[in-house]
Amino acid sequence: ELNAETMKSFFDFLEESGITAMADGFIENDDQIRGIYELDKVGKLNVYYDGMVRFWNYEDLPEKIAKLREYQKLYTTDHIKINTMKLFLDGTNETGNVASIEELNDSPGNYGEIMMEEEELVDCFLLCNREGLDLHIHMVGDRAFRTACDAVEKAQALAAGAGEAWVCRPVFAHCESVHPSDMGRPAGLGIYV
């Protein structure tokens with residue numbers, strides 16, 4: 001159960017440890033963000049909290065953006081900011097579903113799983129950009145990393161071609177395996193890794 005009472009000890013621990021800000025991987029439910037807001041309203045949220053709303057694909061992105069807007073309206077404070085969409089692009093090495101350019105070592109013929117191909121991801125970036133939202137992506141494998149870089153590059157070009165400013169901040173989390181030829185791409189594309 002995530003509410004003000006059950007989360008207070010966690011936020012106390014952050015404060016005691018000298019942590020002044022956090023980015024939450026994704027907001028689990030309405031009770032969680034309401035509880036964080038309640039802690040802040042009584043002066044017991046002593047960190048800056050950056051919340052994210054998870055989506056699964058382009059089809060559900062508009063609905064999830066609407067949920068983010070609701071959270072912004074209800075819960076934004078000096079300490080609480082919610083301006084980021086969250087996507088899991090692949091799995092993990094441990095579960096054997098990381099999106100890989102080459103076959104996974106322990107599983108011939110297995111290149112892992114990618115939850116979204118480049119064209120759909122481009123559409124997601126363009127929609128987030130138009131909405132003024134950032135996009136935070138979980139990725140572990142080199143194929144996920146390359147696909148996401150390609151999508152950012154293409155989305156930025158399409159936005160520029162349409163006369164739209166690029167305001168979306170892409171954040172790539174984990175990036176455990178990156179092909180050497182892709183190592184320098186984030187710097188050129190404004191991607192935070």
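Biologist: Which residues are in contact with glutamine 32, once its neighbours within four places in sequence are left aside?

Modeller: Contact means heavy atoms within 4.5 Å. By that rule, glutamine 32 touches Leu2, Met7, Asp24, Phe26, Ile27 and Tyr49. The model is a predicted one, in which local features need pLDDT of at least 70 and side-chain atom pairs count only at pLDDT 80 or more, while totals for chains, interfaces and linings use all residues. Numbering runs from 1 along each chain as its sequence is written, and side-chain values use heavy atoms, with hydrogens and water left out.

Biologist: In which element does glutamine 32 lie, and is this residue buried or exposed?

Modeller: Helices (H or I, at least four residues) and strands (E, at least two) are DSSP runs, numbered from the N terminus. Glutamine 32 belongs to helix H2. Buried means under 20% relative accessible area, exposed over 50%, and partly exposed in between (1.4 Å probe, protein chains only). Glutamine 32 counts as buried because its relative accessibility is 6%.

Biologist: Why does phenylalanine 11 count as buried, and what is in contact with this residue beyond its neighbours within four places in sequence?

Modeller: Phenylalanine 11 sits in helix H1 and is buried because its relative accessible area is 3%. With those neighbours left aside, its contacts are Met22, Ile36, Leu39, Leu45, Val47 and Tyr49.

Biologist: How far is phenylalanine 11 from glycine 96, in sequence and in space?

Modeller: The separation is 85 residues along the sequence and 34 Å in space, taken from C-alpha to C-alpha.

Biologist: What surrounds methionine 85, apart from its neighbours within four places in sequence?

Modeller: Methionine 85 is in contact with Val53, Phe55, Leu61, Lys64, Ile65, Leu68, Cys128, Leu133, Asp134, Leu135 and His136, those neighbours being left aside.
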